[in-house]
Amino acid sequence: MDDLQMIWVLIVPALAGLLTFLCPRRAAWLVNLITVLTTGWLLFACSSLLKHLGQNWQWNWMELAGINLSIDLFATHFGVIVALLIALFGFLLALYCVAFTPQNQNRDLSKHHSYILWTLAAALGAALTDNLIFMLICWEITTLMLYLLINLGGSSARAGAAKTFAILGLSDCAMLLAILLFMFVLPGGSASMSSMKIAITSPFSLQGVCYLLLLVAALAKAGAMPFHTWIPAAAEGAPCDVMAFLPASLDKLLGIYLLARISLQFFVLTNSLKVLLMVIGAVTIVGAVMMAMVQHDLKKLLSFHAISQVGYMVLGIGTGSLIGIAGAVFHMVNHAMYKSCLFLVAGSVQKQTGTTELDKLGGLAKVMPLSFFACVVSALAISGVPPLNGFTSKWLVYQAVLEIPSRLAPFLVLAAVFGSALTLASFIKVIHSVFLGSQPDSVTIKQPSESSQWMTTPMLVLAAACILFGIFPAWPLENMVGPAFDTMKIAGMDQVIENLWNPALASFLLLVALAIGVLIYVFGRGFNFRRANLYIGGEKITPEAAHYSGTGFYSTVRSLPGIKSVYKDAERDSYDIYHIGGRIGGSIVQVLRNCQTGVLSLYLSWLVLGLVIILICLIGLGQPN
Amino acid sequence: MNLGLVIPVFAGATTATVLLGLISKWIDRKVTAWIQWRKGPPWYQPLADIIKLLGKETIVPHAAGGTGFLLMPLVGFATVSVAATILWWSNLNPESGFIGDVIVVLYLLTIPAITIILGGSASGNPLAAVGAAREMKLLLAYELPMLLVILAAIFGATTTDSSTGLAASFQLGTIKTAHTVGFAASLGCVIGFLISLMCIQAKLGLVPFDMVEAECEIATGPFIEYSGAPLAIIHLTRVMLLAVMPLFIITIFWGGFSFNSFGMILASLGKYVLVLVVLILVRNTNPRIRIDHALRFFWYILTPLAIVALTLSMAKGF
């Protein structure tokens, strides 16, 4: 990138997006080619940015009422790592999309790809800029693109798209307010991100409000409670690849990137704010995963996990300790990998069988072994099973939380660890209902086969990365999490790596033990097996009766006293900020509506009352002091 | 740790666990027999059962994929061996553990349950699926109080260091050493120990928590399609778990095992046999309960108790 300005990283995908948008409908191959080439180039460009840290590119557009509108790119180490990850996911998604046309077939292909490319441009802009206003603009563009992408899912996606836009749009407004406060009110504030360092004296001070506003924006983007409800709503109609791309990976990267920078670099947090963050994290982990457990639709189930996992990152950042932050940032990287892998698997299942309803699936492991493998690896990784990557990052978070000097510590750890057990439970349900068990008629009629290599390759790459990052966590910690520390001027990454557990050794022992097991199999002729029919207690039952779907796995949990009513409320959206907001808005409108009775005398008395108030004000103001 | 040391430790720990497990299994069957006025099997019977299974034909159902079905028992066996290695190692050499090994062991010990579930549901048998669903719910049921009491032990072992302030210990060795000093003094840990006994009763699938297998109802559930060598491995794994689980809770709540002197060895064995006999007696004097009863029992009765234990041990720790 010696002879290349940073701005090209934004311009190229934006232009390529325009190009694909203008492509004729028939030329699907051209659209795919442009997208794959552009994202591949982006990956290359972002990795070469690594060698040119500290590079900047500035263009002052105009000065408007004291606001300096400028594009101010600055290659911080953390930002470049986030950008690199964004480019990587973009590239994998582009490969996946070659075979995975969105639901409405070719008609929307060019639109879909151009939105994806524009999202990439905006997300890269948000990660690489040093100017808060430009960041806000990029931030808003990704929101808009997400809205358009969800809408591609057809009429069933409209409501979800609107909800997404409402929640994210409002949180973006919070960010705008915070930025204005930064620039005009706060002493020492400016729009430049790298120079910011503000101490918060109390959460109710101006600085505190400013932080909370930015916090809302970051949490809503990442999808933490209570701003989470857009993710499941979007999942209902949005194509799987969109879910894998935005809510599962990009939005998490951006949200947690902002959260980390505001919580650790821009502001110095008070203890009460840290506790607030940690409680939000713990509640998010358990609340969302409880909802995930009882879902019947694969996409919706995954979307609740996309919320739950944010909890770990928020919890980690909330501890404010070295290990906690390392765990949180590492979990952000890990989550993006396994969650997008899971959504890609869901897409592959949907493409082959035409459904994501858990009831209608089953026994796909035999026909889709690669998807099955990717699914099992990423499911175990998200559940934090050692020696996969999710375990190491969660383990860092647990450790950090245990060390905080607060009586809440054991309960926060409990939420985090038990949340993992619940996560595992709901993925057991997924694996059983989709890949294991027996095939129901709806599957056997369709005769599914493994997806094309374009789709399996990205899944397998991500699954392999989950395994490698799990076995050798020191490398990503040093090269991906370490930079975050550098940028935020936190020292001590070496210490974290030094005290890491040794998953390579554990994996080696696991392999040795597996080999012993294989030897026992050989000795007992376990591999020379005979095939036989199922034994069902000596009864002969039809294949339909033999199909036992996983959807009812946790109905026992659901009907427990106490838990039952919470589920009922949650399903009536009682905890949904969108609906609560809607209801408050509705009641305000109702008050106004009640004033409009149509009785002339009432209107006249309002008029007189208003005149009197104006008069009093005028007299009051007219008095010389 | 260098590799030259790891392999012998691993081999030694695995062998010790298998032997201890086989003897425990025999004790289990013998005591059960006594309670039922029978004579009971000879001491080598558990081993003989496993060897005999190895000679039997392996059958895989048509509905199963094959790879996953056969692989799962092996994974379960492997994880128990690694967990056993970490446990034995930190018992013999408390300073040698690593930070957070409690969590690693705890997680490794849940994997056998996962492999049972996945193996069972890979068979495609509806009865196995019923059993698998129960196993998962049972895991959720006992994991909650178990986690709470382990946290109680962790905070019970917390020492208020003047230089670093609070240091919640996350390490098996430290917890073990802390309890050797003052186990009886901590009421929280005593309650925690009793609760953890119930939890491992469920974790080992012993009556009254054997609804996963429920022979006369769902014909051994997840294991229904297993035969020959895979079944032998499953039996081996369960035998090892029978040794590892008591060892785990003794390490966490009761000062662990030590082999420094003859008296210590006797004391260690005494603790182990006591835990084992309690498990066996409970298993022989109770009927099987339903899964929803188990959930209620663990979540609504043991969990509040575990919170009490945690509070007590924190009150000491802070």
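Why are B:Lys25 and B:Asp28 separated by about one helical turn? The two residues are three apart in helix H1 of chain B, which means that about one turn of the helix lies between them. They form a salt bridge (a side-chain nitrogen of Lys or Arg within 4 Å of a carboxyl oxygen of Asp or Glu), and the closest N and O atoms of B:Lys25 and B:Asp28 are 3.8 Å apart. Over all chains, the structure holds eight salt bridges.

The model is predicted, with local features needing pLDDT of at least 70 and side-chain atom pairs counting only at pLDDT 80 or more, while totals for chains, interfaces and linings use all residues. Residues are numbered from 1 along each chain as its sequence is written, chains are lettered from A and ligands numbered from 1 in the order in which they are written, and side-chain values use heavy atoms, with hydrogens and water left out.

Chain A is assigned domain 1 (1-181) and domain 2 (240-488), the bounds coming from an automatic or database domain assignment. Taken over C-alpha atoms, the centres of the two domains are 23 Å apart. Contact, defined as heavy atoms within 4.5 Å, involves 34 residues of domain 1 of chain A and 42 residues of domain 2 of chain A. Buried area is the accessible area (1.4 Å probe) that two parts lose on being put together, summed over both. Between domain 1 and domain 2 of chain A this area is about 3,300 Å², and carbon and sulfur atoms give 81% of it. On the domain 1 side, A:Phe78, A:Phe89 and A:Tyr96 lose the most area to domain 2, together 25% of what that side buries.

Zero salt bridges are counted between domain 1 and domain 2 of chain A. Three residue pairs across this interface, both residues at pLDDT 80 or more, are in polar contact. A polar contact is a pair of N or O atoms within 3.5 Å; within protein, one must be able to donate a hydrogen and the other to accept it, and residues adjacent in sequence count only if both atoms are side-chain atoms. Helix H3 (77-99), helix H4 (109-128) and helix H5 (132-151) of chain A are the elements that give two or more residues to the side of domain 1 that touches domain 2. Helices (H or I, at least four residues) and strands (E, at least two) are DSSP runs, numbered from the N terminus. H3(A) gives the most to that side, with 16 residues.

The next interface is that of chain A and chain B. Here 73 residues of chain A are in contact with 78 residues of chain B. The two chains bury about 6,900 Å² between them, 78% of it on carbon and sulfur atoms. A:Leu402, A:Tyr521 and A:Arg531 supply 10% of the area that chain A buries against chain B, more than any other three residues. Elements giving two or more residues to the side of chain A that touches chain B include helix H14 (389-402), helix H15 (409-435) and strand S5 (530-532) of chain A. H15(A) provides the largest share, 15 residues.

S5(A) also takes part in strand pairing, for which DSSP must find at least two bridges between two strands. S5(A) and strand S1 (residues 59-61) of chain B pair in the parallel sense over three bridges. In this pairing, A:Arg531 stands opposite B:Val60 in S1(B).

Some backbone features lie in loops. A cis peptide bond joins A:Pro386 and A:Pro387, with omega about 5°; A:Pro387 is in the loop between helix H13 (369-382) and H14 of chain A. In chain B, the peptide bond from B:Val207 to B:Pro208 is cis, with omega near 5°, and B:Pro208 lies in the loop between helix H7 (187-203) and helix H8 (215-218). B:Trp37, a residue other than glycine, has a positive phi near 60°. B:Trp37 is placed in the loop between helix H1 (3-35) and helix H2 (45-54) of chain B.
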